[in-house]
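Open the coordinates in your viewer and keep the selection panel at hand.

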Amino acid sequence: MKDFTLRVFRYDPESGADPHYDTFTVPYREGMTVLEALVWVLDNLDGSVAFRYSCREAICGSCAMYVSGSYQLACRVQVKNALDHGVVSVSPLPHMRVVKDLVVDMEKFWANYARVKPWLINDQPEPERERLQSPADRAKYNMEIDCILCGACFAACPSGVNNEEYLGAHSLTWANRFIVDTRDTAKKERLDLVSAEHGIFRCHTVFNCVEACPKHINQTEAIQHLKKVAFFHRFGMWRL
Amino acid sequence: MVGGGLAGLRAAIAAHDSGAQDVVIISQLPPVRSHSVAAAGGINGSLANHPDSRDDSWEKHMYDTVKGSDFLADQDAAEVMAREAVARIIEMEHWGCPFSRNADGTIAQRPFGGAGYPRTCYASDKTGHALLHTMYQQALKRGIRIYQEYLVLELVVRDGRAAGLVLMDILSGQLGTVAAGAVLFATGGAGKIYARSTNNLLNTGLGIALAYRAGVPVKDMEFIQFHPTGLWGTNILMTEGCRGEGGYLVNARGERFMARYAPKAMELGPRDIVARSIQTEINEGRGFNQGGPGGGYVHLDLRHLGEARINERLPEVREICRNFAGLDPVQEPIPVQPSQHYTMGGIDCSVYGETAVAGFYAAGECACVSVHGANRLGGNSLLDTIVFGKLAGDRMASHLTPAGETAAALSEALARVEARLAALTHGAGTESGPALRGELQEGMFQHVGVFRHEASMTEGLAKIRRLRERYAGVKVRHTGRVFNLDLMQQFELQGMIDLAEAIAAGALARRESRGSHARRDYPERDDANFLKHTVATYTPDGPTLTYRPVSITRFQPEARKY
């Protein structure tokens, strides 16, 4: 393959033009990622393309977008794996207000995250040294802490499409991370937060979050765990 | 606080906890996107949790840091960092950081390059990610205001003290000013001045460059760390943890060549020595892909560690290799080459972050305290951010004085920035910014890279000066305001050229080899003439260089053997 077609969603609120797709012919290099292709277009063909990026190694979470029909980090997906009949098609995360081109408004995403009190709460006096935690207890939240807050699950969730108050899989995954941490003492407060109106019971186990997650996190499992704990706790069958 | 990485967040938390009323974080990125997130291997502190580190102490940590720095670190500063390390790491644990654990429940530690004991605390191979998310959560807990996706375009200095900032709301493109009683820059390194860098794509050194143009001196800029093991092709970091866990470096003849260069420490020599060893193997024809596109490489072999240990300790390395190189390190060796990694130099400041400009502070990679000297040890950069971020934040709160009358200075600065952006966008120039940036990056890697020589550096400096002339003709192609990447990149390019000149000028004037600064024409360290810091001050005709003595308190310079 000498080159390929990159089809990019365009919307510029200052131009007055309707949203549309532009196509660019990009020279191919073995191993090229979709982010590299976008950067090449920005540098060489069109200085007006807007997209978020930073680490280019799938750890900072900046470049989540919709690539050839699936949720991806643009930096992580290779062009050859996103080709459909010689075309790579790139759109912004769906169901979110587009600021410009591939950049969406993430304000609600960040605000919802902060609503679940995503920080360790421990009401005991701090010991002089580290709090001890066995490797087995540490492993209980090993999955959740891989989250890079990229927003793919938030965009993919049908429960969130018409209800941006729904906390979203990212927030609930982080809530579960603290609920299962043996060092956290605010489990009741956390359960009250997540089982409120726009919390865990709005998750209809569609699993879109799991499919969208570039870090292979099973958010639905985390949310189901929260539901189970909240349910048994309500009936006095779960000691916190 | 400008910058939402570990140092900026830690400084904000410290200032907030010290009672400062109006602490605000301004960041180009949402904080968790900052480059602290990519630090992998760990953070150093003499916790003495490992069976082989029971005799460890802050003094030994300090000694390793000073020796690693090739004796250019200020020893009073290195002492502060080593003494504070345990308390800061324990604090991160109390704040919820998910460190990996030993069987007894204590924080796990691993061996790292240039360290006498296993001293590097880790969270698998995602330690920066673990620390940064924890720190961001602590800032949220305190309700500290965060203005994310704002780019600072000028540090405003009035009558020798910081008055505030000119900034741009990236999402709208609107410009504005903010008055401040104290300003801290924690804006990260300048890795993108070089081709083949492990850094993120935004580490252009803008903060250092803005301070430099505002009259704040920069220090030891010629000391650029090349990490031994950047993944060939993309130069994504393959953590030093790979070697800490027992990985081998092997050349095309199948030799563990480190036996020639650091017979005792082998793969766990300090980064400058290991990087030079790899480059020497490649230069002398014992690498792979000799003369091929993308340059030569050697192998980082983890296969003998086995799948279980790789999955437990180095899962991100395996994931990156699969995604970005199409190989599985359980089955195949990893192709690696030296890659620009860290900016040891930076804004000249004290252990409290104070600079030559009153009310202006610096912390983290953009700062030069100096604790890393001529070569930083792996695991000391994360530590630097949280130790000196806290000290700077505390000092800002306790020494805060009202900003005074700043309105005139701020509006003049705003007008200056507006004029500069207008010239970039509407000027008559025809130069391509991306093309200039590419030439700068290649030139720096070629002329002021792993190995240096007077003739080559002189040529490099001349290239940089030609790029400065051509920069006047750079034209931004997009005239809109909303999320204008082209405008931001071409604005940053001027600062990259400024810093490149400071790096090259400092390197040319330093006629010795020390740490990461390896000169073919002066291969020995020269303590009689160069045991001193380079201090560069901006002038329109190029940097003015002066020198300052190194603080030596406990350890006299000695030959560096590993």
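Which exposed residues does the face of α13(B) turned away from its buried side carry? Select B:A455 and B:E469: these are the exposed residues on that face. Bear in mind throughout that this is a predicted model.

**Helix α13 of chain B**

Now select residues 454–471 of chain B, which form helix α13. The helix has 18 residues, and at 1.5 Å a residue they should span 26 Å. The end C-alpha atoms are 25 Å apart, which agrees with that expectation.

Next, colour the buried residues of α13(B): B:M457, B:G460, B:L461, B:I464, B:L467 and B:Y471. Because these residues cover an arc of only 115 degrees around the axis, they are on the same side of α13(B).

**Chain B as a whole**

Zoom out to chain B, whose secondary structure comes to 15 helices and 21 strands. The C-alpha trace spans about 65 × 50 × 50 Å along its principal axes. For 562 residues, a compact globule would have a radius of gyration near 24 Å; chain B has 22 Å, which agrees. Buried residues make up 63% of the chain. Among contacts in chain B with a separation of 6 or more, 74% are between residues 24 or more positions apart.

Select residues 532–537 of chain B, strand β20, together with residues 544–549, strand β21. The two strands pair in the antiparallel sense over 6 bridges. At one place in this pairing, B:K532 stands opposite B:P549 in β21(B). Between the strands are 6 residues, and in this hairpin B:G542 takes a positive phi near 115 degrees. How many of the 6 residues of β21(B) are buried? The count is 0, and the strand is hardly covered.

**The interface between chains A and B**

Finally, display both chains and select the residues in contact: 41 of chain A and 43 of chain B. On the side of chain A that touches chain B, α1 (34–44), β6 (98–100), α3 (107–115) and α4 (135–139) of chain A each supply at least two residues. Coloured by class, that side of chain A has 20 nonpolar, 8 polar and 13 charged residues.

Technical notes: Residues numbered from 1 in each chain as written. Chains lettered and ligands numbered in written order. Predicted model: local features only at pLDDT ≥ 70, side-chain atom pairs only at ≥ 80, totals over all residues. Buried ≥ 20, exposed ≤ 12 C-beta atoms within 10 Å, placed from the backbone. Helix = DSSP H or I, 4+ residues; strand = E, 2+ residues; numbered from the N terminus. Pairing = 2+ DSSP bridges. Expected span 1.5 Å × (residues − 1). Arc of directions from axis to C-beta. Contact = placed C-beta atoms within 7 Å. Nonpolar A, V, L, I, M, F, W, Y, C, P; charged D, E, K, R; others polar. Rg over C-alpha atoms; globule rule 2.2 N^0.38 Å.
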